[in-house]
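Open the model in your viewer and keep the sequence panel beside it. Each stop below says what to select and what is there.

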Amino acid sequence: LGFSDMNTREDTQRHDATGPTPYRTIFIGEETVANRTLMNTLAESGGTTLLQSEVKISLGDFKEHSPDLAIIAMAAPCAMFLKSLEELQKVSSCAVVMFTEDDSCETIHLATRSGVHAYLTEIPKTPRIRSVIDAAVARYKTTHALRVELEASKTSLNERKIVERAKGILMQRKTLDEPSAYRAMQKLAMGRNVRLVDRAQSMIS
């Protein structure tokens with residue numbers, strides 16, 4: 001199934017700075033009256049529906065358009081679809097709101113694990129749709145920030161381990177104490193205009 005460009009003149013109108021945040025959205029779902037209502041609600045607040053597809057999730061499209069939000073509206077999302085969503089979220093993540101008729105605990109669990117931030121089994125009235133979307137985006141921003149912080153901590157720890165290992169090698173080879181070995185590594189890194197961890201890695205290699 002192909003994608004269709006859903007941009008409209010209304011999507012590009014300027015909106016008051018105090019009004020709702022305009023979201024760049026990818027919509028995945030069939031062309032129905034209910035789904036059109038969802039897209040119109042976003043358009044009314046200045047949002048832009050970048051792409052619309054019935055079933056496909058394309059990593060290339062997410063990377064190209066960098067959406068703030070993905071809305072998925074389907075009767076019963078299958079396990080393969082949710083697995084694809086999980087893999088996509090690892091590479092090009094955004095807030096995800098799912099509207100579905102499937103209220104099984106198993107599907108809810110799979111959807112949550114796949115990166116769905118709001119899971120609804122019925123479409124709320126128009127004024128509440130925006131609140132649901134805003135809450136999902138806020139939840140995404142919080143979890144994404146925590147994930148980034150965790151990854152930064154892991155990277156910092158790994159880099160310290162590399163530096164410590166290289167320092168031990170230098171202490172053994174040059175018969176240096178720990179402070180002297182560390183200063184020597186710093187001097188080598190500065191001399192080659194590289195990060196300390198990169199110089200340490202080259203020493204280990």
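Now select C94, which is buried at 1%. The terms work like this: buried is under 20% relative accessible area, exposed is over 50%, and partly exposed is in between, with a 1.4 Å probe and protein chains only. A disulfide is a covalent bond between the sulfur atoms of two cysteines. Here a disulfide is counted when a pair of cysteine sulfur atoms lies within 2.5 Å. The count comes to zero disulfides.

A word on the source: this is a predicted model, in which local features need pLDDT of at least 70, side-chain atom pairs count only at pLDDT 80 or more, and totals for chains, interfaces and linings use all residues. Residues are numbered from 1 along each chain as its sequence is written, and side-chain values use heavy atoms, with hydrogens and water left out.

**Stop one: helix α3**

Select residues 79–91. This is helix α3, with 13 residues. Helices (H or I, at least four residues) and strands (E, at least two) are DSSP runs, numbered from the N terminus. From first C-alpha to last, α3 reaches 19 Å, close to the 18 Å expected at 1.5 Å a residue. That expected span is 1.5 Å times one less than the number of residues.

Now colour the buried residues of α3: F81, L82, L85, E86, L88 and Q89. Look down the axis of α3: these buried residues fall within an arc of 165°, so they line one face of the helix. The arc is taken from the directions that run from the helix axis to the C-beta atoms.

What do the buried residues of α3 pack against? Show β2 (24–29), α2 (59–65), β4 (69–73), β5 (95–99) and α4 (105–113) to see their partners. Contact here means heavy atoms within 4.5 Å. Then turn to the face of α3 directed away from its buried side. A79, M80, K90 and V91 are the exposed residues there.

Show the side chains of K83 and E87. They meet in a salt bridge at 3.6 Å, N to O. A salt bridge is a side-chain nitrogen of Lys or Arg within 4 Å of a carboxyl oxygen of Asp or Glu. Both residues lie in helix α3, four residues apart, about one turn of the helix. K83 is partly exposed at 44% relative accessibility. E87 is also partly exposed, at 35%.

**Stop three: S114**

Select S114, in the loop between α4 and β6 (118–120). Is S114 buried or exposed? At 3% relative accessibility, S114 counts as buried. Its side chain reaches the backbone oxygen of L82 at 2.9 Å. Show the contacts of S114, leaving aside neighbours within four places in sequence: L82, K83, L85, E86 and Q89.

**Stop four: R195 and its partners**

Select E159 and R195. Their side chains meet in a salt bridge at 3.2 Å, N to O. E159 lies in helix α5 (residues 126–174) and R195 in the loop between α6 (178–191) and α7 (196–204), so the pair ties together parts that are 36 residues apart in sequence. E159 is partly exposed, at 24% relative accessible area. R195 is partly exposed too, at 46%.

The side chains of D198 and R195 meet in a salt bridge at 3.3 Å, N to O. D198 counts as partly exposed, at 38% relative accessibility. Salt bridges that share partners also join K83, E86, E87 and K90 into one network.

**Stop five: helix α6**

Select α6. Its 14 residues should span 20 Å at 1.5 Å a residue, and the end C-alpha atoms are 20 Å apart, which agrees. A181, M185 and A189 are buried in α6. They cover an arc of only 75° around the axis, which puts them on the same side of α6. On the face turned away from that buried side, find the exposed residues R183, K187, M190 and G191.

Zoom in on A181. This residue of helix α6 is buried, with a relative accessible area of 0%. A181 touches K167, L170, M171 and L176, not counting residues up to four places away in sequence. A181 and M171 are ten residues apart in sequence and 5.7 Å apart in space, C-alpha to C-alpha.

Finish at N193. This residue follows α6, and its phi is positive, near 55°.

Methods:
Polar contact = N/O pair within 3.5 Å; in protein donor to acceptor, adjacent residues only side chain to side chain.
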